[in-house]
Amino acid sequence: MKALILNSGLGHRMGDLTREHPKCMTEISPRETILSRQLRLLAEAGIRQVVITTGYYDQVLMDYCKSLNTGLDIAFVRNPRYAETNYIYSIWCARDLLRGEEILLMHGDLVFEPSVLEEAAASEDSCMKVSSTLPLPEKDFKAVVRDGRVLRVGVDCFDDALEAQALYHLKAEDWDRWLSKIGELCEAGETSCYAEEALNRLEGACRIRALDVGDRLCAEIDTPEDLENVSKRLAALENRTVYLCFSADLLHSGHIALLRRARRLGRLIVGVLSDEAVAGYKRYPLVPFPERAALMRSLALVDQVVEQRTLSYRENLEKYRPDYVVHGDDWVTGVQAPIRQEVQEVLAGWGGHLVEFPYARDEGLAEMEKRARLEAGTPDMRRGRLRKLLTLKGTVTAMEAHSGLTGLIVENAKVPEGGGYRQFDAMWISSLCDSTSRGKPDIELVDMTSRFRTVDEICEVTTKPIIFDGDTGGLTEHFVYTVRSLERMGVSMVIIEDKTGLKKNSLFGTEVRQTQDSIEHFAEKIAAGKRAQRTKDFMICARIESLILERGMDDALARAFAFTAAGADAIMIHSRKKDPAEIFAFVEAFRARDAATPLVVVPTSFNAVTEEEFRARGVNIIIYANQLTRSAFPAMEQTAETILRNHRALEADAACMPFREIIRLIPEE
Ligand code: SPV
Ligand code: MG
């Protein structure tokens, strides 16, 4: 695409300002003239070739262009009759350089903001700048627009007209038609009309779209008053602020393009999402916030970096009151749509605008995301993530998984919330569900090797941190090996309960014989486990069964403090009562003496308590211990009975997941 700038005219309405040079050399800011700004913006928009028509002070103009060192390939064409002809004739003089080209045509006295030029240049079809928000000028150009098409351009068309400026992007076909008509008029001696006269005579044969840029700057300078107005607007433009939010975890060319476009609108403030916000939106960030922010800060395009602590932009928008928010158009629909709507509402409070650019899906990014996922599942990355999430979120949730398939469900289950997704943070490898899935009772009958096999299967297809139900931990001499094996597999935490002998599931309570371990013996088991541990990330959690076995609150608390003193990284308190009172009482009493050690609960019985309430009371890990197994079992039983009853599978189909969906759930690599 070639740019054509029309600079032959006298510019006599500028008075003294054009006494020694052509109008395009008028200063519009301390650093720029109309022409130097046009050339800079053209170069930034990727234009390489420029044709400038000259006449008045042509040598001064050419010397000036050379001194600018723009790097552009500029051809000058002199209109020898510049004093008595209009620019229709200047164009005709340059015809040999213009024929068959795609052209970006502009008057030499036009000042526009970068986004206007960019939009015109990027247009898929021929277009002309118009404004539906500016008042119709008395004497200057107006365009008659119907169905988004420009039908006529002139100073005297008022009906169905919009303010217009001579900034066109013309596809080669349209331009050739117009240029031929210009030729016809010039050869017939009609050289003092506007070039648009030729366009109008084509009666719509050039299909030119009206490019409505609203009140963004795109104005010509004809008089000293125009100069004053435009200079003021440019100064205001320099002070405009633009806000853009990123996770900045994986940067790709699409992000850089967006930053570049945003910078052209004004001073650029980048909001970098906090680690917590990123974790809630897709996955735990690969790079921690301080490094992501530092990376952004090091970009020359970015003027200021701030933390955005939530997916909602509101807090930062109200603080920085930007003139623009820039985003890819990928959030118009889908989970981010409510965030977008909020941005529009907040911006409306001070007349700010949301500018959306086409979202560029980057293949390289998809590959990087895939790699990041694979890496997140490696033992070292996975093991440490539970501690990180606890630091980051304060309270995390874990859902039961007992197979590769249930692991995938916990990994992938998500519901939209607050512009992001809500999902489980971790997986719980329940002894009850692992045993049940094998049709065995939960009495430590399924040996450790088989339990590890389950963990292995889950690890193969997931990335979320794992909390392993270690039952009683077995003999201390065995437990130390269990700790090392779990660490090696990338498990983040093992929870062992203070019982001995033939362990039964806690939900039986005192209905069955269960023996609680002595404080001393269990404390020694924990200490031995901690000594055996090789990594700093792995956690051993002591589970206290005093409430289950009705030994009282004092016993529960005494054990909790003894076990933390022995090195337990966390305490799980269990209860099988529907009423959460005893759990709450324990948490309160424990927190009165220990504010830091993470507390774990398994609200199977006291299931009316919300995560928010647990969090407020100081609970850190909430384990949904068996709900997937308990919901899958009746569904399977019912399906089996339906088929038996009907002597065929048809009636069971409605309750079955379509096979295609099952296949989609399973990743291929
Ligand atoms: C399990 O899920 O195996 C547990 C929790 O240990 S509970 O069943 O509540 O005892
Ligand atoms: Mg268990």
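Q: Where is Lys 171?
A: Lys 171 sits in the loop between strand E9 (161-170) and helix H6 (172-187). Helices (H or I, at least four residues) and strands (E, at least two) are DSSP runs, numbered from the N terminus. This is a predicted model, in which local features need pLDDT of at least 70, side-chain atom pairs count only at pLDDT 80 or more, and totals for chains, interfaces and linings use all residues. Residues are numbered from 1 along each chain as its sequence is written, chains are lettered from A and ligands numbered from 1 in the order in which they are written, and side-chain values use heavy atoms, with hydrogens and water left out.

Q: Why does Lys 171 count as partly exposed?
A: Because its relative accessibility is 23%. Buried means under 20% relative accessible area, exposed over 50%, and partly exposed in between (1.4 Å probe, protein chains only).

Q: What does Lys 171 touch?
A: Not counting residues up to four places away in sequence, Lys 171 touches Glu 102, Ser 123, Glu 124, Asp 125 and Ser 126. Contact means heavy atoms within 4.5 Å.

Q: And Asn 7, buried or exposed?
A: Asn 7 is buried, with a relative accessible area of 6%. Its place is the loop between strand E1 (2-6) and helix H1 (34-44). Leaving aside neighbours within four places in sequence, its contacts include Cys 24, Leu 35, Thr 53 and Gly 108.

Q: Changing topic, what coordinates the magnesium ion?
A: Ser 431 (OG) and Asp 469 (OD) coordinate the magnesium ion (ligand 2), at 2.0 to 2.1 Å. Donors are N, O and S atoms within 2.8 Å of the metal (3.2 Å for Na, K and Ca); water is not among the atoms, so sites may look incomplete.

Q: Where in the chain are Ser 431 and Asp 469?
A: Ser 431 is in helix H17 (residues 431-437) and Asp 469 in strand E21 (residues 466-469), 38 residues apart. Ser 431 counts as buried because its relative accessibility is 2%. Asp 469 is buried too, with a relative accessible area of 3%.

Q: How is the chain divided?
A: Into domain 1 (2-234), domain 2 (240-357), domain 3 (384-625) and domain 4 (631-665). The bounds come from an automatic or database domain assignment.

Q: What separates the centres of domain 1 and domain 4?
A: A distance of 70 Å, taken over C-alpha atoms.

Q: How far apart are Lys 171 and Ile 409?
A: They are 238 residues apart in sequence and 52 Å apart in space, C-alpha to C-alpha.
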